[in-house]
Amino acid sequence: MSDHISQPRLLLRRLHRVMAGDDRAQVKLDQIVKAIAQNMVAEVCSIYLARAGGIFELFATEGLKEEAVHQTRMQVGEGLVGFVAERGLPLNLSEAPSHPRFSYRPETGEELYHSFLGVPILYGGRVNGILVVQNVAPRRYREEEVEALQTIGMVLAELVGGGALIKMDELSEAASITGEPVTLTGMPMTDGIGIGVAVFHEPRAEVRIKVADDVDEEFVRLEDGIAALRLQLDEMISHPDLAQGGEHREVLETYRMFAYDQGWHSKMQDAVRAGLTAEAGVERVQQENRARMQTIRDPYLRERLGDFDDIANRLIRTIQGGGVFVAHESLQENTILIARSLGPAEIMDYDRTLLKGIALEEGSPTAHVAIIARAMGIPIIGRIPGLIQHIDGGDQVAVDSASSHVLVRPSDDVVESVQHAIDARHKLFAEYAAERDYPAITKDGERFSLLINAGMRADMSMVEQTGAEGVGLYRTEFQFMVSPTLPKVEEQRKVYADVMEAAGKHPVVFRTLDIGGDKTVPFLPRMEEENPAMGWRAIRLALDRPALLRYQLRALLYATVGRDLHVMFPMIADVSEMKAVKALLAAEVLRLTRFDKEGPNSIKVGCMLEIPSLAWQMDMLLKEVDFISIGTNDLMQFFFACDRSNPMLAGRYDLLCPPVLNFLQSTILACHRSNVPVTLCGEMGGRPLEAMALAGIGLTRFSVSPAAIGPVKRMIRSMNLSSLKQFMQESIGFTEHSLRDRINLYAHDHGIILE
Ligand code: PEP
Ligand code: MG
């Protein structure tokens, strides 16, 4: 056999001739199995093709009994053939009959053969058939032999995919053995439910022509493609915007390393020498990488091999002359975006009206992309290992945050129930919209203030749509995160002025830059920090680099001429830091007068409470500020010393517990005593049950994501505050780990609406 596989090109040529001939497809298939068996000195060569219902039927054989053709059928998962179909990976056995999955079929006479090599015939990522060779003598096939058979399988996929052997409609049904519905479980990063068509953020390039007409020419195409890819990456890396490093640069550096990898290069050269086209050669090597990826346990290495996937894709597109793919151009009406990871800048490139959901292999709920998607109302499920291997572009996919599931190719009844859930959600939102002008007043006449969190100009329409009083937290860092260079004062001013304009009469609280840590910006070096959330971020960075903050404050002053400016500072740890940032603001105000420039009518200065230490200086702090905003997202991870992005800790502490509620109550009451308005702007306030508990300990101002305004307002309108306060006062004296059940029961017993 080894002599012959040294000439796989010969075999490929022969197959190509057979396939290009005028014979019927079945005749071609019979010729093909003969040619393969002969070339590979195998006693048996068989081709099984997928039919509807996940069945693999023997379509042609050289060596097995003739009468088995079109008679022997295996289900996915049944026998060795079904096992190859199930895994989509080659199976190489020296003692096939002793494999636990071996299933004896008397009509084939298969028991004679000891060695077995089966490879999937993949078409567009789907298993469309299985190609098998068998030998009487027990032996394990060598790696080159496996590779040769895989290459042949790839070429055969063309014949099968053309629909000549199995009609197109059955073929597409049969293809749903990949086909079959798959439920993947991940971590919800934003709420919601959506269904649509899978579109890859960086789609897999299509390789149509697999067999080379002219091997030398294909070799040149491959070499040119690699050279162009390397050049592309070199140019991208040497761009001045990336001079200072950052995440973008790191990714590109890794890609460049792969692009120069000799092992990868020579494997692709071998594949082309064997008779494949340049792009088919890249795909061939990538299939092997992907198969290897599935067997690797180490998450870091798996991720690196995933990078190979991206770079191979890029190379195919380069060979095809496509250049860099512009993802959003391929969006359809209802798109579920599939990606390994997605940055905040990338998501903003997409048209939000077309995106119905996002599924990611990586990601965490606190990632910035999640905050943006939440603002856009797009459900995301992240942390789904192997996601990309399970989905093909064009598959129907549903993303359901409530169950943490990504449903791939769901069955009709599942689609129906997803649609019901979506309809119910729309109905609910329509009801909230109808309640937009209802006041946020409790049954016993207590008034609440509901504001929204925003971060993009596009969010501003939500103030009107939700009937919110204004914007309680405008995260200014988004503009910085999507900009390759530091936005100039004028650019910043324009964004803030636009936001003010869009807000009309409603107030907007601008929070100064909270970057650093895990919120990286392209124009600052990315620091390796052990605890980025507790690292060099937000005001710490701003105090060390005051120019950054001063420019931002200047832009805010220019943008609010003739209006009221509300500005607050993130991650303040003590009063002295608050005084320091106020001094920077004062210097900018002075500069205005010195240059005889107009400024805002009034300036209200606030402080975010995100670091527990600050709570021990409340009395002094309250003399320095006009308002306080409690950022529970950060505050609570420091309060419990519990990393919010560590999945092992998810659910360990419940925010509805005595320590949190006691702490928040004393802070809120301190603000009330000093007549300093206090708002809570963390995600906690957007969940009706949590919002109810917070109301019960004295909070009256909530800044939440726009989608939460309706549910929180309903909750407020359905309760009696004085009896809730009494109940909460008793409850926070208990010592249970969580008060959730108790508070839930109270809501239930008192008819408080928590939807
Ligand atoms: C918070 O920490 O609660 C907060 C609102 O800030 P961010 O989520 O932007 O860190
Ligand atoms: Mg924060």
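At 0% relative accessibility, Asp514 counts as buried (under 20% relative accessible area, with exposed meaning over 50% and partly exposed in between, for a 1.4 Å probe and protein chains only). The model is a predicted one, in which local features need pLDDT of at least 70 and side-chain atom pairs count only at pLDDT 80 or more, while totals for chains, interfaces and linings use all residues. Residues are numbered from 1 along each chain as its sequence is written, chains are lettered from A and ligands numbered from 1 in the order in which they are written, and side-chain values use heavy atoms, with hydrogens and water left out.

Asp514 is located in the loop between β17 (508–511) and α19 (538–544); helices (H or I, at least four residues) and strands (E, at least two) are DSSP runs numbered from the N terminus. Its side chain makes a polar contact with the side chain of Arg537 at 2.9 Å. Such a contact is a pair of N or O atoms within 3.5 Å; within protein, one must be able to donate a hydrogen and the other to accept it, and residues adjacent in sequence count only if both atoms are side-chain atoms. When residues up to four places away in sequence are not counted, Asp514 touches Glu477, Lys519, Arg537, Ala538 and Pro570, contact being defined as heavy atoms within 4.5 Å.

In the protein as a whole, the secondary structure comes to 28 helices and 22 strands. Buried residues make up 55% of the 755 residues. Of the contacts with a separation of 6 or more, 67% are accounted for by residues 24 or more positions apart.

The magnesium ion (ligand 2) is coordinated at 2.0 Å by Glu610 (OE) and Asp634 (OD). Glu610 lies in the loop between β19 (602–609) and α22 (618–624), and Asp634 in helix α23 (residues 632–639), so the pair ties together parts that are 24 residues apart in sequence. Donors are N, O and S atoms within 2.8 Å of the metal (3.2 Å for Na, K and Ca); water is not among the atoms, so sites may look incomplete. Glu610 is buried, at 3% relative accessibility, and Asp634 is likewise buried, with a relative accessible area of 3%.

Arg563 occupies the loop between α20 (546–559) and β18 (564–569). With a relative accessible area of 26%, Arg563 is partly exposed. Its side chain reaches the backbone oxygen of Gly504 at 2.5 Å, and a polar atom of that side chain lies 3.3 Å from the backbone oxygen of Met500. Leaving aside neighbours within four places in sequence, the residues in contact with Arg563 are Met500, Glu501, Gly504, His506, Pro600, Asn601 and Ser602. Ser602 is 39 residues from Arg563 in sequence, yet the two are 7.1 Å apart in space, C-alpha to C-alpha.

A further loop residue, Glu362, is found between β11 (355–360) and α13 (368–376). Glu362 is partly exposed, at 24% relative accessibility. Glu362 and Leu342 are 20 residues apart in sequence and 8.5 Å apart in space, C-alpha to C-alpha.

Positive phi values occur in residues other than glycine. Arg383, in the loop between β12 (380–382) and α14 (387–390), has a phi near 55° and is partly exposed at 27% relative accessibility. Asp596, in the loop between α21 (575–594) and β19, has a positive phi of about 55°; this residue is exposed, with a relative accessible area of 70%.

Helix α4 (residues 79–87) is mostly covered, 7 of its 9 residues being buried. The buried residues in α4 are Gly79, Leu80, Val81, Gly82, Phe83, Val84 and Ala85. Just after α4, Gly88 takes a positive phi of about 65°.

Two packed helices are described by the angle between their axes and the distance between the axes. Helices α25 (residues 688–696) and α28 (residues 740–749) pack at an angle of about 90°, with their axes 11 Å apart. Axes are lines fitted to C-alpha atoms, for helices over the stretch in contact, and angles run from 0 to 180 degrees between N-to-C directions. Helices α25 and α28 are therefore roughly perpendicular to each other (65 to 115 degrees, with angles under 35 counting as roughly parallel, over 145 as roughly antiparallel and the rest as oblique). In this packing, Leu689, Glu690, Met692 and Ala693 of α25 meet Arg740, Ile743, Asn744, Tyr746 and Ala747 of α28. By class, the contact of α25 with α28 has 6 nonpolar, 1 polar and 2 charged residues, where Ala, Val, Leu, Ile, Met, Phe, Trp, Tyr, Cys and Pro count as nonpolar, Asp, Glu, Lys and Arg as charged, and the others, Gly among them, as polar.
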